[in-house]
Each structure stands twice: as C-alpha cells, then as structure tokens.
Amino acid sequence: GRAFPVPMYSCIAGFVEPTASGPGGGGAGASGSGGTGTAGAPAAPPMFTRAQWGAGGWAYGNSGCGNGPTMASSLRFAVVHHTVSTNDYSTSQADDQIRAIYDYHVNGRGWCDIAYNFVVDRFGTVWEGRTNSISGPVQGGHASGFNSGSMGVVLLGQYHPGSSPPAAGVSDAQYGGVRDLIAWKFGVHGINALGTTTEVSG
C-alpha cells in the first residue's frame, strides 16, 4: 500500500465514491446518544439514531456482508465528504434523502449498509449512518484503502464548484454539526484534532 500523511480531520473537496459496503418520512426529535469520552472531553451532540430515520438494517444477504459490521481496533482520523445531491430540502425531507442514499448503496450497489458513519444535514442535524457507528469505531465504506480506523462524515448536499446541482456554501449550522460530532468522537478516542497521522492504503 501507499502511505499518506493527512490531518486528523481531512476534508475531501470533491465527492469520493464510497467503495465498501434510501426512500420517505420525517423523524422525531434528535436524541443525545453515544459513548462517554475521556475526562473533560466534549459530550455527544444531539443526533438521530438509525432507528429514528428508518434505516433498513445491515444487508447480511449481500456479498461479503454475512459476518456483520467490522469494528476497528481504534479510531485514528476522520474524512469529510459530501453527497453531491440536492441542497433544496427541508428539515422534514432530510431523512428521505438519507434513506435514498441507503437504498442506493444497499440495493443499487449491493453494499452492506450506507457507506458513511455519520450524516450532517444543512441545518446542522447529525444522523447516525452505518450500523453501530455511535457505539464504536465501526469500519465504513467511504474512502477506498483508508476505511479501517477512519470515521466517514458526509455533508448532505452538493458543495463542489462546477458540479451539478450548483454548489451551496456550508452553513454555520452544518459546520457546527460536523465540528461537534468530530470533537466528541475524537474526545472519546483521545485524538488530537490538530495532529497528523500517516496512513497506509490497504
């Protein structure tokens, strides 16, 4: 594999097609959920669980999915993506968008689950993505060669200039949701957000 030094909090400007392992409704209020961090670490932000947005579950019947989610030995860094989907959605439509992504990944691509560990919508709401992402460093399918030990966070919308639909700016609320989510997870795992890590593709 190839080694790459990256910031602990790495932002992918263009959309990265997930490489590992969708449809309707509005959720109830987000709940504060997640693990406890080290002393003085930030608390978990309010977030919707998979059950609250109606995730379809782990696709045990899809190829390579029979053993269930893989839990990494530790979390080392985060990767931020965007979905390159509509920016024109309401608060009650965000979960429709997430279910559509789940459906595409599982039924359209044959993957095990939604590829991302967490989703943050344009209103700053945090949504649990891949199975067991709240409880531990479950391996996602968002960054080929760099899934183990990373947390995949995806912004719900299109933020890359020159792509379609037209790019939007990241709102203060969305930025804050990503910040609070990563601060919590990094606190839980004792990660210095200002540090760097050298990762080997594999």
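**View 1. The largest nonpolar core of this predicted model has 18 residues.** Phe118, Val153, Leu181 and Ile182 are the residues with the most contacts inside this core. Which elements give two or more residues to the core? They are E5, E6, strand E8 (150-155) and helix H3 (172-188). Helix H3 supplies the largest share, with five residues. Apart from this core lies another one, of 15 residues, and among them you can find Trp53, Ile101, Val119 and Leu156.

**View 2. Phe118 meets Trp184 in an edge-to-face ring pair.** Here we come back to Phe118, one of the residues with the most contacts in the largest core. A pair of aromatic rings is described by the distance of the centres and the angle of the planes. For Phe118 and Trp184 the centres are 6.4 Å apart and the planes stand at 75°, so the pair is edge-to-face.

**View 3. Trp53 and Tyr102 form another edge-to-face pair.** Trp53 is among the residues of the core of 15. Its ring and that of Tyr102 are 6.3 Å apart, centre to centre, with 70° between the planes. Because Trp53 lies in helix H1 and Tyr102 in helix H2, the pair ties together parts that are 49 residues apart in sequence. Trp53 is buried at 0% relative accessibility, and Tyr102 is buried at 10%. The count for the structure comes to four aromatic pairs.

**View 4. A disulfide joins Cys65 to Cys112.** A disulfide is a covalent bond between the sulfur atoms of two cysteines. How many does a search of the whole structure find? It finds one. The sulfur atoms of Cys65 and Cys112 are 2.1 Å apart, and the link is left-handed, with -85° about the S-S bond. Cys65 sits in the loop between helix H1 (50-53) and strand E5 (77-82), and Cys112 in the loop between helix H2 (94-108) and strand E6 (118-120), so the bond ties together parts 47 residues apart in sequence. Both Cys65 and Cys112 are buried.

**View 5. A charge sits over a ring at Arg122 and Tyr89.** The charged end of Arg122 is 5.3 Å from the centre of the Tyr89 ring.

Definitions and conventions
Residues are numbered from 1 along each chain as its sequence is written. This is a predicted model: local features need pLDDT of at least 70, side-chain atom pairs count only at pLDDT 80 or more; totals for chains, interfaces and linings use all residues. Side-chain values use heavy atoms; hydrogens and water are left out. A disulfide is a pair of cysteine sulfur atoms within 2.5 Å. Helices (H or I, at least four residues) and strands (E, at least two) are DSSP runs, numbered from the N terminus. Buried means under 20% relative accessible area, exposed over 50%, partly exposed in between (1.4 Å probe, protein chains only). A nonpolar core is a set of buried Ala, Val, Leu, Ile, Met, Phe, Trp, Tyr and Cys residues joined through side-chain atoms within 4.5 Å. Rings of Phe, Tyr and Trp (its six-membered ring) pair if their centres lie within 6.5 Å; planes under 30 degrees apart count as stacked, over 60 as edge-to-face and the rest as tilted. A charge sits over a ring if NZ of Lys or CZ of Arg is within 6 Å of the ring centre and within 35 degrees of the ring normal.
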